[in-house]
Amino acid sequence: MNRKRLTAMVLSGVLAASMAVTGTAAEDQVTITFSLWDEIQSVVYQQLIDNFEEQNPNIHVEMQLTPWDQYWTKFDASAGANQAADVFFMNIWVPKYAEAGILEPLDDYMEKSDFDFSLYAPSVVESSTYNGVHYAVPKGTDSLAVIVNSALFEKYGVTEPENGWTWDDMLTVCGELKTAIEAAGDSIYPMDFILNSANGAWEPVIYEFGGQAFNEDGTSALASDEAVAGIQALVDMIDEGYIPDYQTISDTAAEELFISGQTCMLYLPTFSAQKVEQAEMENVKLIQIPAAKSQDFLAATMHYGMNAASEHKDEAWKFLEYLASEEANDIIGKSGIDLPARLSSQEYYGESFTKFNGQAFVDVIPSAKPAEMGPAYASDEINSIMNEQIIEIFNKNVEVKEGLEQMAADINAAIEAGK
Amino acid sequence: MRQYRSRRAKKEAMEAYLFLLPFLVGVSIFNVYAFVQNIIISFTNKKSLGQAKFVGLSNYVKLLADAKFYQAIQNTLLYVVICVPAVIILSLIIAVALNQKIKGMGIYRTLIYLPVITLPTAVGMLWKWLFNNQFGLINEMLAGIGITGPAWLSDPKWSLLAVCIVLIWSSIGTAVIIFLSGLQGISTSYYEAAEIDGANAWQKFRSITFPLLSPTTFMLVVTEIIGFFQVFDLIFLMISSTSSGMKGARSIVMLFYEEAFTKFNKGYGAAMANMLFLIILVITIVQMKLQKKWVYSENGGDDK
């Protein structure tokens, strides 16, 4: 009996001791979560996480991948329940989530670790700020260029365009191509825009024609003469048969049309660049976008945010600091997944492609203007108004001027209604 | 004795409730609670984040003036009007054809049911390729017989019909199975009697099969109508939100999804869901009233 009791005491003692040991071990090891939306990028981010964990053995980063189509639906649901990841991909929605208190203000952390903003593209830094407070760490920026299928130019005997070309040059090239295509009895298009992407096609064109998304006073600038001229230029190209119309690219993505040789050129945003890189294409060349009235163009920006409800903010900041580091930006640039925000790493992005020289993407970054979504409370509404109304315009259910006036009026009404 | 019996009945009832408990808990959490919450949310301006404010009936007022909502109602009615008769008629024909003792009938029945057990995502993706304007098989085949096929999914004039084709294709299987079980419940003695009287196949169908199947048909019509009023997944899978075909194919539930989960106007979306509930409720009540008129009952018509 006594012996039994002794054994029991010893055993429970061992058990308690072992629990204490594992207890302290668990305390030292902190797990933070990191959510992102891009499967191609996730491979590179896993590598970054591995490097980070090696340098910080006490922090474990758990990656949560949600496809783009569901990312924001899931993000809003989890953030509303204080369940969002500790660190997450963020893009042009910084104002919305800063306003909602989801994004942790980062000024204190940045001050402590001497964060140097001058190392990053100004357009990215600008759009990570809301009401003068920094809410996000710069990740990267979109950019635009034109990708040219040289084989088709050779086939039709048309001289390829070069850097420094203008919008009118583009129209001339398109005209020559169209004549040659028809003469050969083919039915492909000279040029191609991703018309169903605001950031990837029609908003940048509005900026190229001297327009912008919002006026100084915060009202929509989409009904300006410049904006009308930009969209009209695209509609004219549809009418001429220079580019596939909206219906065609709804059916088969504009990038797919280019990859399958249905179009000779494509107005290519960086977020689709990997599609061309990974396609089986030879003989492609990347040149700068044609200048219309202005060198400016609109480019969406990407950031990393920290959850204001995180329980491990210091560890999350360490990870953010690493993601913003030269090492991480260089890896991202070299992998070609995203044009990094850190200026010194951008050249690697240009060199990362094997099918073409990506330098044209990098060259134009100084002219990039950050995308805006209007006041935080109305940004979801504004986004959806733009996507719906542009269909009416490109499908010619309404005149360009009239359609953009309606779009601007609807946006202003949404801004007014939420005030 | 009596007391014993009632005590025993009570015990049995308790046991039955115990077995039903998991189901009842599920229903009350996911159906009843969600339904009540939805009604409450529809009177607020709830967005995805932040505090919701009570706004009275303003969501409903806005809804009744929303042209997109009427467009969605019109599209939804078209889905119902096209798909329900098509599914009922086609599946009845197939069920009658399959209700024979031929070798290999099991294979036919399996083939007919296959679309039902196929993952809707796979169905959506596959038909999306078939319908593609540039590379799709359907337009390729139409071109073979000299017809230029439309842009099925991106032309707003055709997108609804294209979705209907897939909806009908994928919902026939279930209806066929239910019709088959109804057919097997009809006693062969009726047919034997009719044969003695010299009835041909059509007369047998017209006077025996069709009336005796009417309870099954009625049940199917009611559930199919409810189902097609809630059409969403195939539209969502085959037509992207930025496609020019969406306008012609957008159903009420699709519009609800866009409002509640893309624009994050949850309060407004909830009001829309409640309106859909009301519409389905009214239509189902009307059908129940009409039931007596056209459902044939074997024992004289007033069985309860």
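This is a predicted model: local features need pLDDT of at least 70, side-chain atom pairs count only at pLDDT 80 or more; totals for chains, interfaces and linings use all residues.
**The interface between the chains**

The size of an interface is often given as the accessible area lost when the parts come together. Here chain B and chain A bury about 2100 Å² between them, and 49% of that area is on carbon and sulfur atoms. To see where chain B gives up the most area to chain A, select L49(B), T242(B) and K263(B), which together account for 29% of what the chain B side buries.

Next, turn to the polar side of this contact, where 11 residue pairs between chain B and chain A are in polar contact, both residues being at pLDDT 80 or more.

Select E392(A) together with K247(B) to display a salt bridge between their side chains, with an N to O distance of 3.4 Å.

Staying in chain B, centre on R250(B), which is found in the loop between helix 11 (246–249) and helix 12. Is R250(B) buried or exposed? Its relative accessibility is 10%, and because the cut-off for buried is under 20%, R250(B) counts as buried. Showing the surroundings, and leaving aside residues up to four places away in sequence, one finds that R250(B) touches K68(B), A72(B), N75(B), L255(B) and E258(B). With E258(B) there is also a polar contact of 2.8 Å between the side chains.

**Salt bridges within chain A**

A search over all chains of the structure finds 20 salt bridges. Select K96(A) and D76(A), whose side chains meet in a salt bridge at 2.9 Å, N to O. K96(A) lies in helix 4 (residues 94–99) of chain A and D76(A) in helix 3 (residues 68–80) of chain A, so this pair ties together parts that are 20 residues apart in sequence. Both K96(A) and D76(A) are buried.

Then move to K396(A), which forms a salt bridge with D239(A), the closest N and O atoms being 2.2 Å apart. This pair links distant parts of the chain, 157 residues apart, with K396(A) in the loop between helix 18 (379–394) and helix 19 (400–418) of chain A and D239(A) in helix 10 (residues 225–240) of chain A. K396(A) counts as partly exposed at 45% relative accessibility, and D239(A) is partly exposed with a relative accessible area of 47%.

**A pair along helix 1 of chain B**

For the last stop, select E12(B) and R8(B), which form a salt bridge whose closest N and O atoms are 3.9 Å apart. Because E12(B) and R8(B) are four residues apart in helix 1 (residues 2–41) of chain B, they are separated by about one helical turn. E12(B) is partly exposed, with a relative accessible area of 46%, and R8(B) is likewise partly exposed, with a relative accessible area of 46%.

Definitions and conventions: Residues are numbered from 1 along each chain as its sequence is written. Chains are lettered from A and ligands numbered from 1 in the order in which they are written. Side-chain values use heavy atoms; hydrogens and water are left out. Buried area is the accessible area (1.4 Å probe) that two parts lose on being put together, summed over both. A salt bridge is a side-chain nitrogen of Lys or Arg within 4 Å of a carboxyl oxygen of Asp or Glu. A polar contact is a pair of N or O atoms within 3.5 Å; within protein, one must be able to donate a hydrogen and the other to accept it, and residues adjacent in sequence count only if both atoms are side-chain atoms. Helices (H or I, at least four residues) and strands (E, at least two) are DSSP runs, numbered from the N terminus. Buried means under 20% relative accessible area, exposed over 50%, partly exposed in between (1.4 Å probe, protein chains only). Contact means heavy atoms within 4.5 Å.
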